[in-house]
Amino acid sequence: MASPVGHTLAALIGYAATVNCWKSKPEYGTLAMYVLAANLPDIDFLPGIFLGDPGRFHHGVTHSIGAAILFGVIVWIVQRIRTQRAVYMAMALSALYGSHLLIDWMTADYRPPFGSPLLWPFSMERYHFPVSIFINIERKAFLSLPTILHNLYAMVIEISLLTPILAGVGYIASRTRFTNPQKIKTEKFSHIPFK
Ligand SMILES: [Zn+2]
């Protein structure tokens, strides 16, 4: 598993790509939903925490493409009642849920059962990328110094790899007319001389 830092950075990348960041007011509600969706598959820690074994159900069916689609359908139904942006939000949040699967898929996994059942409900076979891009978060002796240092190092790797992507997506979004109405406005009237 990767850390919430990595998954939250994925949410920020999604936010920079889809929301008009150049508005004077950030959409905190949307940002919060993006962060929640990108971290949601790890909700499978909760039943294990109640039973005194946090990892017992981890990397189960919540870490599957089927769960990402199901989550999108639930978002669509709930949003349809409240807003016109139902399809947009359902697709965005489902994709961010999927970003969690992608990052975990590329994260080192040393605990059985290895990988995630990505094709649930059609198959419970577990999948893991042959090369680990991110370092695992260690849960054994969670508060010991070696584990803390290991997990901090894992987060530094996540930040080092994902922050440049965030900066790149933010830059491209800032150059795109669709996401920068202020720029459109300026360019549209740039031929009119000041009086
Ligand atoms: Zn996970």
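**Close-up views of helices and loops**

**View 1. Ala141 sits in the loop between α5 and α6.** The model is predicted: local features need pLDDT of at least 70, side-chain atom pairs count only at pLDDT 80 or more, and totals for chains, interfaces and linings use all residues. Residue numbers start from 1 along each chain as its sequence is written. Helices are DSSP runs of H or I, at least four residues long, numbered from the N terminus. Ala141 is not a glycine, yet its phi is positive, about 50°. Most residues other than glycine have a negative phi. Ala141 counts as exposed because it has 10 C-beta neighbours inside 10 Å. The cut-offs count other C-beta atoms within 10 Å, placed from the backbone: 20 or more for buried, 12 or fewer for exposed, in between for partly exposed.

**View 2. Two cis peptide bonds lie in view here, Pro112 to Pro113 and Trp120 to Pro121.** Omega is near 0° for the bond from Pro112 to Pro113. For Trp120 to Pro121, omega is near 10°. Most peptide bonds are trans. Pro113 is found in the loop between α5 and α6, where α6 covers 145–175. Pro121 is placed in the loop between α5 and α6 too.

**View 3. His59 has a positive phi without being a glycine.** The value is about 60°. His59 lies in the loop between α3 (45–50) and α4. Is His59 buried or exposed? His59 is buried, because 23 C-beta neighbours fall inside 10 Å.

**View 4. Helix α4 takes in residues 65–82.** Its 18 residues reach 26 Å from first C-alpha to last. That is close to the 26 Å expected at 1.5 Å a residue, the expected span being 1.5 Å times one less than the number of residues. Ala67, Ala68, Phe71, Gly72 and Val75 are buried in α4. Down the axis of α4, these buried residues fall within an arc of 140°, so they line one face of the helix. The arc is taken from the directions from the helix axis to the C-beta atoms. Val73, Ile77 and Ile81 are exposed on the other side of α4. Helix α5 is included in what covers the buried residues of α4.

**View 5. Met91 belongs to helix α5, residues 86–105.** Met91 counts as partly exposed because it has 14 C-beta neighbours inside 10 Å. Phe71 is 20 residues away from Met91 in sequence. In space, their C-alpha atoms are 9.7 Å apart.

**View 6. Helix α2 (residues 28–39) packs with α5 at an angle of about 40°.** The axes are 7 Å apart; they are lines fitted to C-alpha atoms over the stretch in contact, with angles from 0 to 180 degrees between N-to-C directions. The two helices are therefore oblique to each other. Oblique is what remains after under 35 degrees (roughly parallel), over 145 (roughly antiparallel) and 65 to 115 (roughly perpendicular). Met33, Tyr34, Ala37, Ala38 and Asn39 in α2 meet Leu93, Leu96, Tyr97, Ser99 and His100 in α5. Contact here requires C-beta atoms, placed from the backbone, within 7 Å.

**View 7. Helix α1 (residues 4–18) packs with α2 at about 135°.** Their axes lie 8 Å apart. α1 and α2 are therefore oblique to each other. From α1, Pro4, His7, Thr8, Ala10, Ala11, Gly14 and Tyr15 take part. They meet Leu31, Tyr34, Val35, Ala38 and Asn39 in α2.

How values were computed: Two residues are in contact if their C-beta atoms, placed from the backbone, lie within 7 Å.
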